[in-house]
Amino acid sequence: MSAQVIQLQSRFAMAVVLSALLPLGPKPALALEAGHTARLGDVIARCWNLPLIENVGSLTAKVSFQLDPNGALAGNPQIIVSSGNRPFDESALRAIKKCAPFDLPRDRWEEWKSIVVNFDPQNIHQ
Amino acid sequence: MKPLIRHLLIAASLSAAVLGAVTMPAHALVEIDVNKGTIEPLPIAVSDFVAGDSLGSEIAGIVAADLKRSGLFAPIDKGAFLETISNPDASPRFEDWKVINAQALVTGRVSKEADGRLKAEYRLWDTFAGQQLDGQQFFANKENKRRVAHIIADAIYERLTGEKGYFDTRIVFIDESGPKTKRVKRLAIMDQDGAGLKYLSKGNELVLTPRFSPTRQEITYMSYESGQPRVYLLQIETGQRELVGNFPGMTFAPRFSPDGQEVIMSLLRDDGN
């Protein structure tokens, strides 16, 4: 019984590893046009409560998240590059969660279903 | 755990780890820069601590006032709360708090131990992440209930801003009263939120320039009670006082050394130096 299970397990693991490494179809030539991404940036900026820490201008974090065709979050946003400051990272995640769902053209979901945001507060506005 | 289930779980977690490592950055087609945010006090809800008496709302009130006074937090009015917390350990209904715009929530409990001491516990929740960020419990004598509230406020402040809190501190100052022609100056101490005001001198002598020791519950200050300005060292808890040095001439502007072990002052000798 256990020998069969081990064979099953390793085939499953191999299938998973292979699918992760193979490219999933051709990459679309054009990402969302500039107008949409600029607007998205402004929308997220309005949801972002900057933590009031002294060196906040020198911190940056990268957050990745997936959206469903309705613009709602599919799963949780993730920190992919941490600022090294926990409250800063958490404020960025909170901004994404607060802003969702996003208003984006449904017919082009393939282009915006996965987004990465660079939180880099050079211009802090009141 | 049955061997079959365990093997499947291991395979699943292995595949999840591999997917996690490879998928994310490779698939993102849209990369956005957010170079600005809003600097606004963080909206936070501090719900009354569950207690058998008014102590629960008193502690919550001190915590909320501390956070508000720092300028970095905007506690939401209790009247706007949708959910009433009856069990501070259970996950709150996060939607009820998100909808009133709270980005963080504090729940807690105050209870009396068998030996008469207070036990105060709090939990700090991230409403948008839907999880607990922090939680601690403290034991204290009843007289120290305000200090416990300040310590909780410090912990919340530090967890959400990354900076050390200052709410569990006291201020030593010269209190002035009376008409302009007959000012009364008294050495005084109070909590940073203005509570617990105590006078440390009687008001019949001129007192100046108090300084806290960085390491001990001591104050150094100048007083003219002996006719000449002299520097004194005062123990806050016992009220014991001693003259610092016995130098001819006048002594001014006392300060503590950074390690709190010495008092530094200026001397004006009779020869004018």
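Residues are numbered from 1 along each chain as its sequence is written, and chains are lettered from A in the order in which they are written. Because the model is predicted, local features need pLDDT of at least 70, and side-chain atom pairs count only at pLDDT 80 or more.

**View 1. Chain B as a whole.** Chain B contains four helices and 15 strands, where helices (H or I, at least four residues) and strands (E, at least two) are DSSP runs numbered from the N terminus. Of its 273 residues, 40% count as buried, that is, under 20% relative accessible area with a 1.4 Å probe, protein chains only.

**View 2. Helices α2 and α4 of chain B.** The axes of α2(B), residues 55-69, and α4(B), residues 145-161, come within 9 Å and cross at roughly 45 degrees, with axes being lines fitted to C-alpha atoms over the stretch in contact and angles running from 0 to 180 degrees between N-to-C directions. That angle makes α2(B) oblique to α4(B), since angles under 35 degrees count as roughly parallel, over 145 as roughly antiparallel, 65 to 115 as roughly perpendicular and the rest as oblique. Among the residues that meet here are B:L55 and B:I59 in α2(B) and B:A149 and B:I156 in α4(B), contact meaning heavy atoms within 4.5 Å.

**View 3. The surroundings of A:G71.** A:G71 lies in the loop between β1 (61-66) and β2 (78-81) of chain A, and at 0% relative accessibility A:G71 counts as buried. Leaving aside neighbours within four places in sequence, A:G71 is in contact with A:P101, A:F102 and A:W112. The C-alpha atoms of A:G71 and A:K113, which are 42 residues apart along the chain, are separated by 8.1 Å.

Terms used
Side-chain values use heavy atoms; hydrogens and water are left out. Buried means under 20% relative accessible area, exposed over 50%, partly exposed in between (1.4 Å probe, protein chains only).
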